[in-house]
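Open the model in your viewer and keep the sequence panel beside it. Each stop below gives a selection and then what is found there.

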Amino acid sequence: MRKRTDNPLQQRSVLIATAARVLSQLRHDGRSVALILGAPVLLLGLLSWVLSGQPGVFDEWGALLLGVFPLLLMFVVTSVATLRERSGGTLERLVTMPMSKIDFLGGYGLAFGVAAVLQALIASALTFSVFGLTIAAPVGSVVLIAVLNALLGTSLGLFASAFASTEFQAVQMLPMLLLPQFLLCGIISPTSSMPQLLEWISTVLPMTYSVDAMKQLTIQSEVTGEVWRDIGVLVGFIFAFLAAGASTLKRRTP
Amino acid sequence: MRAAVDVRNLAVLRGGRTVVEGLSFQVQRGQIVGLLGPSGCGKSTLMRALVGVQQNVTGTCEVLGVPAGSASLRRRVSYMTQDASVYINLTVTENLEYFAAVLGVGRDRVCLVLEEVGLQIEKHSLVSDLSGGQRNRVSLAVALLGEPELLVLDEPTVGLDPVLRRDLWAQFRRLASRGVTLLVSSHVMEEASECDRILVMRNGQLIADDGEEQLLARTSTNNITDAFLVLVNLNNAVESVPDA
Ligand SMILES: Nc1ncnc2c1ncn2[C@@H]1O[C@H](COP(=O)(O)OP(=O)(O)OP(=O)(O)O)[C@@H](O)[C@H]1O
Ligand SMILES: [Mg+2]
């Protein structure tokens with residue numbers, strides 16, 4: 001793709017045009033919008049209903065899953081969208097045009113980032129107001145973690161789409177890449193109580209940090225240093241997967 | 001001025017097979033070159049090599065004086081893939097406006113190309129609601145958006161009716177008269193007469209490189225379809241008796 005010699009303003013305009021284009025594509029696809037914005041709300045509503053007989057349990061689980069659901073959804077949406085771009089020939093066309101990898105990945109990141117923020121805001125708003133989630137920490141901190149999770153799902157999806165050649169395979173990436181993380185992240189059992197090897201593995205998986213942060217926020221009344229460390233690690237993972245995604249974007253293909 | 005296309009001893013390995021081999025030809029600026037050949041002979045592969053998206057290319061492959069795929073060519077060469085490569089979940093105009101933004105050309109170009117491919121009425125339709133030929137025209141419109149010096153068009157007239165086809169070739173001719181070079185692949189033999197020069201490929205090799213008249217004379221035929229059949233069969237015959 002293009003060397004970064006053009007002036008930065010022009011470069012940013014391509015990034016923004018790409019983000020706007022991805023959002024227009026979403027806008028024309030009502031079902032995807034409904035899925036992105038509605039599914040976490042429905043799932044959390046269902047969870048609060050399931051747990052309604054056990055006081056206090058939803059407060060524990062609600063916040064954890066408020067982080068996990070956006071991650072899963074944005075992962076699927078992003079990996080399928082970018083896979084279409086790779087297999088539909090539009091990426092092949094774009095690489096012959098003056099567009100850099102930063103424009104492409106940044107555009108996707110920005111567009112789905114906007115969707116992720118909306119998703120996290122709507123899901124959090126309803127979870128706190130209607131489903132009655134109560135946590136110790138400020139609500140804004142939980143929203144922030146939810147947004148970071150959604151962004152993590154997006155960057156992971158951008159990367160994973162390189163390893164799928166059909167939409168069917170892209171969807172199968174979910175059980176392969178995310179479900180093991182779900183088992184190891186500390187939701188099912190605290191990481192400290194797992195066998196040593198699994199505990200080590202859990203420390204290199206991003207979901208571990210998002211779940212740890214959410215756990216802290218449900219019990220601590222302020223944002224602790226450990227939460228800030230988790231946030232830092234999550235941001236690091238987001239950029240690492242974006243960079244890994246960039247390395248899978250090849251101008252020349254077989 | 002340097003040739004628009006300079007290919008010497010080009011070979012391409014694809015799927016573990018050599019699908020293009022020992023290809024050499026030059027194209028002068030302002031020429032319209034037709035690329036013909038049976039399905040699977042390597043036309044699209046050659047075009048992909050020329051726009052710099054094909055892996056495993058060996059030999060010389062220069063475009064407008066620099067190696068194919070160089071960053072400086074991104075505004076000077078435009079490419080239309082064989083399958084319509086546009087976003088089906090965007091409208092025609094949204095597609096064109098996006099690619100115009102990437103190319104850094106004004107919106108006035110969008111209106112112009114819409115007219116050139118005859119899609120003004122459909123401009124606010126989603127591409128997924130268009131017919132195959134219409135989708136192809138959206139894809140062609142994207143290739144015409146920038147003001148490239150070389151157009152590499154992979155079967156641009158598939159699914160077009162004779163009127164549109166005639167108009168498009170007139171448009172190609174106007175571009176050529178301004179010095180733009182066009183490389184156009186096709187399965188429609190009559191279109192060969194619109195070209196200044198015809199390259200015929202078979203099994204990844206160039207088997208003819210001539211004007212229409214010369215091709216007809218060489219094959220003692222009076223239309224290009226027959227000439228094509230003679231050429232392709234001639235080569236078949238040669239190959240089937242390797243020791244002769
Ligand atoms: N993605 C691919 N991976 C491996 N081999 C491929 C791939 N695409 C095409 N080929 C092989 O390369 C050869 C040339 O294909 P190419 O697409 O260039 O043919 P073509 O002349 O454009 O055919 P058509 O007129 O049908 O479009 C074919 O034999 C095909 O099997
Ligand atoms: Mg082809």
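**Stop 1: the cysteines**

Start with the sulfurs: a search of the whole structure, over all chains, turns up zero disulfides. This is a predicted model. Select C41(B), which takes part in no disulfide. Its nearest cysteine sulfur belongs to C195(B) and lies 15 Å away. Is C41(B) buried or exposed? C41(B) is buried, at a relative accessible area of 2%.

Next, pick C61(B). C61(B) is in no disulfide either, and the nearest cysteine sulfur, that of C41(B), is 16 Å off. C61(B) is also buried, with a relative accessible area of 11%.

**Stop 2: the nonpolar cores**

In soluble globular proteins, nonpolar side chains tend to be buried together. Here, the largest nonpolar core holds 108 residues. Which of them touch the most other members? Select L94(A), L96(B), L153(B) and L182(B).

Stay on L153(B) and show its contacts, leaving out residues up to four places away in sequence. The list runs M47(B), M80(B), L140(B), A143(B), F172(B), L182(B), L183(B), V184(B) and S185(B).

**Stop 3: A63(A)**

Move along chain A to helix 3, residues 57-87, and pick A63(A). A63(A) counts as buried, at 0% relative accessibility. What does A63(A) touch, beyond residues up to four places away in sequence? Its contacts are F58(A), L133(A), I135(A), M214(A) and T218(A).

Now draw a C-alpha to C-alpha distance from A63(A) to S141(A). The two are 78 residues apart in sequence and 11 Å apart in space.

**Stop 4: S85(B)**

Switch to chain B and find the loop between strand 6 (77-80) and helix 2 (92-103); S85(B) is in it. Though in a loop, S85(B) is buried, with a relative accessible area of 0%. Show its contacts, again without residues up to four places away in sequence. From chain A come G88(A), G89(A), T90(A) and R93(A). From chain B come F99(B) and S139(B).

**Stop 5: the cavity**

Rolling a probe the size of a water molecule over the atoms shows where empty space is left. How many cavities of 30 Å³ or more does a search of the whole structure find? The search finds one. The largest cavity has a volume of about 60 Å³.

Select its lining. Chain A gives T96(A) and R251(A). Chain B gives L50(B), V51(B), G69(B), S70(B), L73(B), R74(B) and V77(B). By type, the lining divides into four nonpolar, three polar and two charged residues.

**Stop 6**

Select N9(B) in strand 1, residues 5-14. Its phi is near 50°, a positive value in a residue other than glycine. N9(B) is exposed, with a relative accessible area of 53%.

Then go to N203(B), in the loop between strand 9 (197-202) and strand 10 (205-210). Phi of N203(B) is near 50° as well, again positive in a residue other than glycine. N203(B) is partly exposed, with a relative accessible area of 46%.

Note on methods
Residues numbered from 1 in each chain as written. Chains lettered and ligands numbered in written order. Predicted model: local features only at pLDDT ≥ 70, side-chain atom pairs only at ≥ 80, totals over all residues. Heavy atoms only, no water. 1 Å grid on protein atoms, 1.4 Å probe; cavity = no way out; pocket = protein on both sides within 12 Å on 5 of 7 lines; lining within 4 Å. Points joined across faces, edges and corners; volume = space filled by probe spheres on them. Nonpolar A, V, L, I, M, F, W, Y, C, P; charged D, E, K, R; others polar. Core = buried A, V, L, I, M, F, W, Y, C linked by side-chain atoms within 4.5 Å. Buried < 20%, exposed > 50% of the residue type's maximum accessible area, 1.4 Å probe, protein only. Contact = heavy atoms within 4.5 Å. Disulfide = S-S within 2.5 Å. Helix = DSSP H or I, 4+ residues; strand = E, 2+ residues; numbered from the N terminus.
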